[in-house]
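Subject: Handing over a structure

Hello,

Here is the structure I promised to pass on to you.

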Amino acid sequence: MNELEQCQKKIKVLQDALKQNYNIQRELENTNKELNRLRKQIQEQQAIMIEQQKLASMGEMIGNIAHQWRQPLNALGLVLQNIKKAYERGRLDDVYLDKAINKGKMLTNKMSSTIDDFRNLIKEKKLKEHFFIKEVVKEVVSMVEASLRNHNIELILECNDIEINSYPNELFQVLVNLVNNSKDAFVEQNKSGFIKIRCYEDDNIYIEVEDNAGGIKLDNANKVFEPYFTTKDKGTGIGLYMSKMIIQKDMQGDLIVENVEDGAKFTIKLPKEIK
């Protein structure tokens with residue numbers, strides 16, 4: 001083989017290599033496009049799920065507001081009736097009227113506070129701040145206690161003043177969802193019981209939501225965190241999935257579940273400060 005033929009052969013080998021490299025490059029570009037398409041599709045699906053969760057949470061909160069308002073509305077109605085009776089009987093003096101007005105203000109302030117709690121829940125803006133876990137738990141109790149009382153469910157609190165630097169609104173949403181999830185388990189079985197919220201710390205912070213509603217009837221309890229999985233007759237099944245996403249992605253923690261005696265226990269694990 002002369003030098004010309006050798007050069008031609010080398011050129012052919014190089015051309016084949018370039019062609020193969022070009023094909024690989026094209027394949028990589030097509031794969032990247034497909035990955036970007038899938039990534040965008042997943043982001044769109046997650047956005048839809050987030051909106052669905054917001055609507056579901058708002059529906060639950062409106063139900064809780066109705067329970068919270070029922071007692072003060074009834075009490076306010078009694079105040080007005082008593083004013084009328086006192087007037088008819090000639091007992092409506094300045095002292096009685098001031099007392100009735102103060103009680104009415106107290107009741108309307110309580111109702112206004114409930115609306116403020118609801119407004120805080122649906123805030124879009126995430127604000128990281130130093131706060132005490134116990135204060136968020138108190139807000140959760142204020143939001144759900146009337147609904148729980150209506151279903152004969154006792155709420156037990158064991159929380160100390162533990163400080164954390166994180167997202168209070170996100171934690172509030174998750175805790176309300178966990179408590180409502182336990183409440184639904186009682187309602188579906190038409191039984192009463194207790195829900196316990198316990199907080200403690202070591203190197204991390206832990207918040208437990210435990211009930212005695214019978215536990216999760218699954219081989220693997222963690223399946224409840226899968227998207228669109230639900231054990232309810234009606235429901236999207238995204239509440240617990242979104243709660244886990246919030247804890248893991250926004251708050252850099254974890255949310256786990258386990259069956260305990262006569263019930264289930266959800267444990268939120270959080271770092272004391274988000275990096």
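**Strands, and what surrounds them**

Let me begin in the sheet, where Glu-158 has Arg-198 of β4 as its bridge partner. Before going on, please keep in mind that this is a predicted model, in which local features need pLDDT of at least 70 and side-chain atom pairs count only at pLDDT 80 or more, while totals for chains, interfaces and linings use all residues. Residues are numbered from 1 along each chain as its sequence is written, and side-chain values use heavy atoms, with hydrogens and water left out.

Strand β2 (residues 153–158) and strand β4 (residues 193–201) run parallel and are joined by six bridges. Two strands count as paired if DSSP finds at least two bridges between them. On to strand β5 (residues 205–211): it runs antiparallel to β4, with seven bridges between them. Arg-198 turns up again here, with Glu-208 as its bridge partner in β5. β4 and β5 make a hairpin, and three residues lie between them.

**The disulfide**

How many disulfides does a search of the whole structure find? It finds one, a disulfide being a pair of cysteine sulfur atoms within 2.5 Å. The bond joins Cys-159 to Cys-199, at 2.1 Å from S to S. Because Cys-159 sits in the loop between β2 and β3 (163–166) and Cys-199 in strand β4, the pair ties together parts that are 40 residues apart in sequence. The torsion about the S-S bond of Cys-159 and Cys-199 is about 50°, so this disulfide is right-handed. Both Cys-159 and Cys-199 are buried, where buried means under 20% relative accessible area, exposed means over 50%, and partly exposed is in between (1.4 Å probe, protein chains only).

**The aromatic pair**

The structure holds one aromatic pair. Tyr-200 and Tyr-206 form it, stacked at 5.1 Å centre to centre with 15° between the planes. Rings of Phe, Tyr and Trp (its six-membered ring) pair if their centres lie within 6.5 Å; planes under 30 degrees apart are called stacked, over 60 edge-to-face, and the rest tilted. Tyr-200 is partly exposed at 27% relative accessibility, whereas Tyr-206 is buried at 15%.

**Two helices**

Helices (H or I, at least four residues) and strands (E, at least two) are DSSP runs, numbered from the N terminus. The expected span is 1.5 Å times one less than the number of residues. Of the 22 residues in α4, 16 are buried. Asn-190 follows α4 and has a positive phi, near 55°.

Helix α5 (residues 239–250) has twelve residues and reaches 16 Å from its first C-alpha to its last, close to the 16 Å expected. Ten of the twelve are buried, so α5 is largely enclosed by the rest of the structure; among them are Leu-240, Tyr-241 and Met-242. Gln-252, which follows α5, also has a positive phi, near 55°.

**The whole chain**

Stepping back, the chain has five helices and seven strands. Buried residues make up 35% of its 275 residues. Among contacts (heavy atoms within 4.5 Å) between residues at least 6 apart in sequence, 73% join residues at least 24 apart.
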